[in-house]
Amino acid sequence: MNWDDTAPSTAEDAAGAPADRLVAADADGEDTAVEAALRPKDLEEFVGQERVREQLDLVLKAARARGATADHVLLSGAPGLGKTTLSMIIAAEMGAPIRITSGPAIQHAGDLAAILSSLQEGEVLFLDEIHRMSRPAEEMLYMAMEDFRVDVIVGKGPGATAIPLELPPFTLVGATTRAGLLPPPLRDRFGFTGHMEFYAPAELRRVIHRSAGLLDVAIETEGAAEIAGRSRGTPRIANRLLRRVRDYAQVKADGVITREVASQALGVYEVDARGLDRLDRAVLTALLKLFGGGPVGLSTLAVAVGEERETVEEVAEPFLVREGLLARTPRGRIATPAAWTHMGLVPPQQQAGGSVQQGLFGA
Ligand SMILES: Nc1ncnc2c1ncn2[C@@H]1O[C@H](COP(=O)(O)OP(=O)(O)OP(=O)(O)O)[C@@H](O)[C@H]1O
Ligand SMILES: [Mg+2]
């Protein structure tokens with residue numbers, strides 16, 4: 001099996017996510033530029049993820065106390081939750097340099113051998129999208145992680161020889177949005193696995209206040225709460241919405257982000273109170289109004305909103321499912337009662353004259 005082909009790793013691979021999707025969790029060009037400035041620099045500054053932070057703190061402190069290189073760390077979780085940030089913090093906390101690469105960049109075992117053989121002792125090797133590495137590179141990584149050694153194969157066929165190469169001890173930090181795609185032998189070689197959760201609104205408020213401070217933007221507590229509630233549990237989205245609200249506050253208000261300013265600004269950008277954007281709402285509206293709440297097949301639903309099937313499935317649905325607004329069933333997509341309420345419509349079982357949906361939710 002070729003792990004590269006299993007699935008697209010991001011929504012934009014799958015669907016060419018519209019550039020105006022403010023609530024997309026994947027980084028766009030502007031994010032990349034700003035993110036470096038907003039990244040917390042140590043564990044202390046890193047908001048939320050209490051469990052991962054506490055565990056990682058122990059792993060790193062213990063390694064430091066032993067004067068050893070830290071164990072390999074795997075970070076898994078949805079886009080924009082802080083995996084890259086945490087990998088940099090690991091290097092900073094260990095006082096070690098960091099080398100950054102990614103699965104798709106390592107297609108040949110030789111590429112990996114070149115990187116590994118140039119590492120310094122104690123260096124952190126950050127391997128982003130580790131689930132997208134090629135199989136031969138992955139197999140080389142097994143031995144490198146376990147024995148700090150690689151076999152470089154010279155020549156081809158029966159005459160090929162393996163030249164062993166000793167590596168200095170290093171810490172591999174792997175990041176993946178799809179832990180389920182990692183082959184178990186690779187997963188098992190990490191000494192510590194941290195799973196990143198979506199952030200609670202209170203944590204996002206802290207992220208927003210912190211970023212506002214760094215960006216020199218005046219924001220009221222209520223304004224931060226308003227943005228936090230629409231950020232889909234994701235710091236990257238919170239930071240992006242903050243920047244758009246700041247623009248609005250500068251142009252249309254006196255520069256201060258109050259609850260009202262935040263709410264008006266996000267209304268302009270069509271991000272609703274729960275963080276749904278235009279596409280999400282179009283999907284729900286079609287499902288509710290055209291198909292009575294479903295069940296309806298994905299392809300039909302996609303045609304109804306004028307989007308590709310993949311866009312609906314990969315871009316809109318994951319959040320709608322997570323929010324409990326839409327369910328995927330063997331018979332097709334259905335809207336939950338919460339979807340009707342959120343869109344300001346009356347569920348069929350409450351409408352006069354019976355219902356399409358009765359029985360589906362035990363009603
Ligand atoms: N715990 C946190 N506290 C404060 N800011 C955070 C936190 N986590 C993430 N951020 C901010 O969110 C942005 C995105 O984080 P990061 O790039 O680390 O996400 P990621 O998990 O690597 O995403 P991807 O899967 O797309 O690579 C960064 O600008 C960072 O400053
Ligand atoms: Mg990242």
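Predicted model: local features only at pLDDT ≥ 70, side-chain atom pairs only at ≥ 80, totals over all residues.
Residues are numbered from 1 along each chain as its sequence is written, and chains are lettered from A and ligands numbered from 1 in the order written. Local features need pLDDT of at least 70 and side-chain atom pairs count only at pLDDT 80 or more, while totals for chains, interfaces and linings use all residues; side-chain values use heavy atoms, with hydrogens and water left out.

**Whole protein**

Show the protein as a cartoon. There are 15 helices and nine strands, taken from DSSP runs (H or I, at least four residues, for helices; E, at least two, for strands) and numbered from the N terminus. The C-alpha atoms fill a box of roughly 80 × 50 × 35 Å along the principal axes. Of the 363 residues, 46% are buried, that is, under 20% relative accessible area by a 1.4 Å probe with protein chains only; exposed is over 50%, and partly exposed lies in between.

**Ligand 1**

Select ligand 1 and the residues near it (a heavy atom within 4 Å). The shell holds 19 residues, and the closest are V47, G80, K83, T84 and T85. Helices α2 (29-38), α4 (83-94) and α10 (235-252) each supply at least two residues of this shell.

Now display the N and O atoms. A backbone N or O atom of G80 is 2.8 Å from a ligand oxygen, and a polar side-chain atom of R236 is 2.8 Å from an oxygen of ligand 1. On Y199, a polar side-chain atom lies 3.0 Å from a ligand nitrogen. The protein covers 95% of the 630 Å² of accessible area that ligand 1 has on its own (Shrake-Rupley method, 1.4 Å probe).

**Helix α6**

Select residues 135-147. The 13 residues of α6 should span 18 Å at 1.5 Å a residue, and the end C-alpha atoms are 19 Å apart, which agrees; the expected span is 1.5 Å times one less than the number of residues. Buried here are A137, E138, M140, L141, Y142, A144 and M145. Their cover includes α5 (109-117), β3 (124-128), β4 (149-154), β6 (171-176) and α7 (184-187). Step just past α6 to F148, which has a positive phi of about 50°.

**Q120**

Finish in the loop between α5 and β3, where Q120 is found. Q120 counts as partly exposed because its relative accessibility is 48%. Leaving out residues up to four places away in sequence, Q120 touches P97, P168 and P169 (contact means heavy atoms within 4.5 Å). From Q120 to V47 is 73 residues in sequence and 30 Å in space, C-alpha to C-alpha.

Methods. Polar contact = N/O pair within 3.5 Å; in protein donor to acceptor, adjacent residues only side chain to side chain.
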